[in-house]
Amino acid sequence: MRALIFLAVLLLINTGAAMDLRGPIVSIGGGQIELNGSNFPGFYYTLGTGTRDTSYENLTMKFSSNGSVDAGNATYTLNTTTGRTAFLGKQYQSLNHLNSPTGMPNLLSEVWSISKSIPGINQSIVLSEGYEIALKDVAGRDGGKEAALLELRKDGKAIFEQAVAPKDFFNYTKNINGSNYTLIACKVDWIFSGNSSNESIKPAYNASIPAFSQYSENPIEVKEGNKYGEFEVKNITNRLIILKNTAALTFPLDSEVSILDGFIKFRTAKEVYKAYAINSSEEAKSYELRGTPASNVASYNWSASNFGGMFYDLEYDVSTEWLNVTIDRTNKQIAKGNLTYETTPKKISYRNPEMAGFSESYFKDELPVIGWQGERYAAMGSAGRLSKILLDTDDKQTLYIGELWDMGEGYTLTVKDIGAEDRAAVISLAKNGLEVYSSVVEPGSSADLGTHTFLYTKKINGVLAPVFSVYVEAVLNGKQGMAQFKYPLLISDSPLEINPGDTFGNVTVISNSDKLRLENEQAVPVYYGETVDATGDIWFKAASSATLRFYPLITKIQQGESYISTSPLPEVPAEEYLMGEI
């Protein structure tokens with residue numbers, strides 16, 4: 001039996017709340033689907049610097065019918081290239097490959113990569129597993145051979161030091177399972193001497209060390225027969241690892257099903273056999289939602305089907321956004337009018353059946369939704385006036401008398417009292433602590449649809465909008481009076497105005513009536529290896545190579561309990577910088 005011991009490749013990132021990284025929209029009613037690093041953000045993927053992307057993982061699932069996958073018809077494959085592979089979204093390195101490139105990769109090690117440089121002498125960078133590396137001194141101050149004296153510490157104690165000349169490497173080795181392996185490495189690019197002609201100024205010394213790579217000293221083992229949920233490791237070679245499902249997988253409508261020990265979750269539609277895969281990351285405070293890469297093509301289109309950052313309503317199978325780009329590869333630019341973004345409002349049913357009787361203007365009978373740079377909004381009379389949908393769910397909420405429900409943007413809901421014989425609830429809606437509406441509402445039932453909805457409307461820029469509505473499902477009087485609510489819908493009363501001539505990133509609004517259309521009015525340079533602002537929140541990331549490869553992305557950072565869009569975070573080049581050098 002062959003076994004592989006893994007240590008995952010990670011970035012040094014902070015712990016944060018979970019965020020869903022969505023893959024493509026797929027049919028599960030029959031036929032085969034495939035997830036890989038290029039179309040599923042949960043798998044490891046980089047554009048790389050060569051002619052090909054770096055992606056190791058592949059999941060194929062053959063659906064027999066109606067959301068079912070028979071035993072053996074789901075295959076999770078991990079490819080190994082020059083000792084590198086990935087498993088459950090994290091990259092791994094074969095330690096045996098480092099010592100013998102032709103050897104069997106049966107010992108793999110987790111890698112943390114960090115691109116910070118040591119600020120100066122007697123300062124350090126904190127690594128993982130209790131390690132810390134410091135620039136202890138710089139030799140060659142008096143005309144001698146230049147070298148950086150680096151000191152490695154473990155749990156605060158110095159354990160190793162090495163003088164490293166410019167363009168040379170610092171290497172720390174340790175014995176694991178009877179063999180010595182390089183666990184920490186960095187390259188000294190150059191040494192700086194801040195001498196000054198002014199003798200009163202004390203010279204400063206520093207060394208440029210742009211990246212560190214660290215392999216974990218605590219490997220985990222993956223061997224044939226190991227199980228990960230319904231999947232079992234069936235075969236391991238020096239080129240690949242194969243896992244297959246040993247039991248049938250079923251994906252019922254309107255459900256969430258986990259596979260591979262919960263690493264991937266499939267969410268299915270309510271009425272059609274469609275689904276998408278998600279990975280709920282809980283490790284980072286920042287996330288990159290990326291689309292399928294365009295490789296060696298000049299023109300490409302993205303929508304919610306191949307870009308998980310765009311708005312998609314799985315319940316109603318509705319998407320509204322579309323992005324197209326054509327790049328002049330000779331001049332390395334996007335010519336005027338060749339970068340376009342469109343989004344069109346679409347009507348969907350209200351979750352609350354009673355809201356189907358809402359008869360006012362633009363919100364009559366149905367809710368007009370529109371995606372804008374990946375976020376879900378309500379269209380307030382036109383495509384250019386958007387209000388964020390803050391709350392829209394089937395979930396139930398129970399409130400006791402006097403308890404506050406904080407729903408967002410200062411809005412709170414309170415049950416002030418319960419009438420005699422559990423007949424009605426006195427409900428109050430407040431904004432920023434001031435009551436804006438109150439009403440007495442009787443509870444309803446599935447057989448008694450009538451006036452059991454608490455509804456607050458407000459005229460916003462000439463449009464009467466159902467700013468907040470909620471169905472009162474039950475009330476109960478007693479020692480602790482309470483009311484149970486369902487189908488809450490809260491729409492922001494501060495709409496975003498988008499008018500012709502407004503600019504977002506490198507595109508300008510051309511029209512905003514029936515749909516929003518934005519185009520670039522000037523040529524946009526595309527620098528390989530750089531990120532390009534497309535629409536303000538959507539950016540393009542290009543590979544550092546002569547072959548044109550790029551993908552769209554939306555970067556989210558955690559702010560409190562929510563996430564906001566931001567420009568792409570800096571690259572972490574340590575992995576490619578040190579690839580093959582340690």
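Which residue forms a salt bridge with Asp-53? The views below are taken from a predicted model, and the first of them gives the partner.

**View 1. Salt bridge between Asp-53 and Arg-549.** In this predicted model, the partner of Asp-53 is Arg-549, and their closest N and O atoms are 2.2 Å apart. Asp-53 has a relative accessible area of 27% and is partly exposed. Arg-549, with a relative accessible area of 1%, is buried. The count for the model comes to 29 salt bridges.

**View 2. Glu-342 with Lys-515 and with Arg-517.** The side chain of Glu-342 meets that of Lys-515 in a salt bridge, at 3.3 Å from N to O. This pair links distant parts of the chain, 173 residues apart: Glu-342 is in strand E35 (residues 339-343), and Lys-515 is in the loop between strand E50 (507-511) and strand E51 (516-519). Lys-515 is partly exposed, at a relative accessible area of 32%. Glu-342 counts as buried, at 13% relative accessibility. Glu-342 also forms a salt bridge with Arg-517, with an N to O distance of 2.3 Å. Here strand E35 supplies Glu-342 and strand E51 supplies Arg-517, and the two residues are 175 residues apart. Arg-517 counts as partly exposed, at 22% relative accessibility.

**View 3. A network of salt bridges.**

View 4. E50 and E51 run antiparallel and are joined by three bridges. Val-509 has Leu-518 in E51 as its bridge partner.

**View 5. The open sheet that contains E4 and E5.** This sheet is also formed by six strands with antiparallel pairing, in the order E4-E5-E7-E23-E22-E21. E4 and strand E21 (227-228) are the edge strands, and each of them pairs on one side only. Strand E22 (residues 231-236) runs antiparallel to strand E23 (residues 240-245), and five bridges join the two. Opposite Phe-231 stands Asn-245 in E23.

**View 6. Aromatic pairs and an aromatic cluster.** The model has a count of 24 aromatic pairs. Phe-43 and Phe-263 are a stacked pair, at 6.3 Å centre to centre with 15° between the planes. Their pairing links the loop between E4 and E5, which holds Phe-43, to the loop between strand E25 (256-259) and strand E26 (264-268), which holds Phe-263; the residues are 220 residues apart. Both Phe-43 and Phe-263 are buried. Tyr-341 and Trp-372 form an edge-to-face pair, at 5.6 Å centre to centre with 70° between the planes. Tyr-341 lies in strand E35 and Trp-372 in strand E37 (residues 366-372), so this pair ties together parts that are 31 residues apart in sequence. Tyr-341 is buried, as is Trp-372. Phe-43 and Phe-263 also belong to one aromatic cluster with Phe-40, Tyr-76, Phe-87, Tyr-92 and Tyr-228.

**View 7. Charged side chains over tyrosine rings.** Arg-22 places its charged end over the ring of Tyr-276, 5.5 Å from the ring centre. Over the face of Tyr-362 lies Lys-347, at 5.6 Å from the ring centre.

**View 8. Surroundings of Leu-464.** Leu-464 is part of strand E46 (residues 463-476). With 22% relative accessibility, Leu-464 counts as partly exposed. Beyond its neighbours within four places in sequence, Leu-464 is in contact with Phe-358, Glu-360, Ser-361, Phe-363, Thr-457, Lys-458 and Lys-459. Met-380 is 84 residues from Leu-464 in sequence, and their C-alpha atoms are 8.8 Å apart in space.

Definitions and conventions: Residues are numbered from 1 along each chain as its sequence is written. This is a predicted model: local features need pLDDT of at least 70, side-chain atom pairs count only at pLDDT 80 or more; totals for chains, interfaces and linings use all residues. Side-chain values use heavy atoms; hydrogens and water are left out. A salt bridge is a side-chain nitrogen of Lys or Arg within 4 Å of a carboxyl oxygen of Asp or Glu. Buried means under 20% relative accessible area, exposed over 50%, partly exposed in between (1.4 Å probe, protein chains only). Helices (H or I, at least four residues) and strands (E, at least two) are DSSP runs, numbered from the N terminus. Contact means heavy atoms within 4.5 Å. Two strands pair if DSSP finds at least two bridges between them. Rings of Phe, Tyr and Trp (its six-membered ring) pair if their centres lie within 6.5 Å; planes under 30 degrees apart count as stacked, over 60 as edge-to-face and the rest as tilted. A charge sits over a ring if NZ of Lys or CZ of Arg is within 6 Å of the ring centre and within 35 degrees of the ring normal.
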